[in-house]
Amino acid sequence: MTAASKPPFLLPVGVKTTVTVPASSANLGPGFDTLGLALGLYDEVTAETIADGGLEIVVSGEGEGEVPTDDRHLVVVALRRTLAHLDVAAPGLRLTCVNRIPHSRGLGSSSAAAVAGIAAAAALAAAADAPRALTTAEMVQLSSEFEGHPDNASACVLGGGVVSWTVPAVPAPDVAGYRDHAAASGAPTAPVRYGARRMDVHRDIRAYVFVPSVQSSTSVTRGLLPRLVPHADAAFNASRAALMVLALTEHPDLLLEATEDRLHQRYRAASMKESSELVDALRGAGVAAAISGAGPTVLALTTEPLPVRLSDAAVDAGFTVRELPIADGVSLA
């Protein structure tokens, strides 16, 4: 048997692991698809190999009775994709998902599900002494591929604050003149690559989330963004994104200025009127606030306790207010 035809490493029945994955907030105002923050609200997934190719999924908490409990479940998709990446196969799977991250609210629930599946696959393979281990860089890459951008996913993997980036796909340079003719020929391209690095967040920074009862679709809100933006707005956001790195790590007194944005929030404001009004109210009171990811949750970053009057006003407007710690990344329970 040749190496090319060698069958995948088969996990034995009864291998079991439990992973916990944090919520995340993306953009943080100016850092569209780049800046992210892991927050201490966790989904927990237990994965176990079972016999006869079976698939059993039990979901409790957020999404119970709503998310699919078959091959379409995102944790299953991510887990199987990662096993295939490692050249590993599972006889069957049993998943128990305890979900605490609100769905479709801008707190990274889909990224958490993808990272949970990826981490569970890596842990199952390691527990069975599979030939290959998954690197952290591979976890960032695989999880970001599910989202199409790395901010939430890399925060789930690495924890803390993250700066992430995307290296766009380019035509594979294996034929002379390839780049010149790729578009016309429909030739294959090299894959998109994703990278990220963790920032340790300043110990004085406190994070509050304001979660509304309504949901939001990332695909819909992304569709509200213009294809082109003024050069002045792009330059403004570049300066604020750089400033945000300093504010998060060394100078939290700069958070209010650092969370300013001109690229995305105003274009989405009409689709989440209450959240946008809350951002304006918080910022007007001197609190650094921004839409969390694609919304409609609002994120506030402070160095002092949130004033009670602001919290009470948000509750009266229909938001649930929670202070969440800055979290580490995905871990084994």
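**Close-up views of a predicted model**

**View 1. Arginine side chains placed over phenylalanine rings.** The charged end of Arg-81 lies over the ring of Phe-146, at 5.1 Å from the ring centre. This view, like those that follow, is taken from a predicted model.

**View 2. Packing of helix 3 against helix 4.** Helix 3 spans residues 136-147 and helix 4 spans residues 151-158. Their axes are 8 Å apart and meet at an angle of about 145°. The crossing of helix 3 and helix 4 is right-handed. On the side of helix 3, the contact is made by Thr-136, Met-139, Val-140, Ser-143 and Ser-144; helix 4 contributes Ala-153, Ser-154, Val-157 and Leu-158. Grouped by class, the contact of helix 3 with helix 4 comprises five nonpolar and four polar residues, with no charged residues.

View 3. The strands follow the order 10-11-9-12, and their pairing is antiparallel. Strand 10 (288-291) and strand 12 (320-324) form the edges, each pairing on one side only. From one strand to the next, the twist averages 20°.

**View 4. Pairing of strand 9 with strand 12.** Strand 9, residues 206-211, pairs with strand 12 in the antiparallel sense over five bridges. Within this pairing, Val-211 has Thr-320 of strand 12 as its bridge partner.

Notes
Residues are numbered from 1 along each chain as its sequence is written. This is a predicted model: local features need pLDDT of at least 70, side-chain atom pairs count only at pLDDT 80 or more; totals for chains, interfaces and linings use all residues. Side-chain values use heavy atoms; hydrogens and water are left out. Two strands pair if DSSP finds at least two bridges between them. Helices (H or I, at least four residues) and strands (E, at least two) are DSSP runs, numbered from the N terminus. Axes are lines fitted to C-alpha atoms, for helices over the stretch in contact, and angles run from 0 to 180 degrees between N-to-C directions. A crossing is left-handed if the near helix is turned anticlockwise from the far one by less than a right angle, and right-handed if clockwise. Contact means heavy atoms within 4.5 Å. Ala, Val, Leu, Ile, Met, Phe, Trp, Tyr, Cys and Pro count as nonpolar, Asp, Glu, Lys and Arg as charged, and the others, Gly among them, as polar. A charge sits over a ring if NZ of Lys or CZ of Arg is within 6 Å of the ring centre and within 35 degrees of the ring normal.
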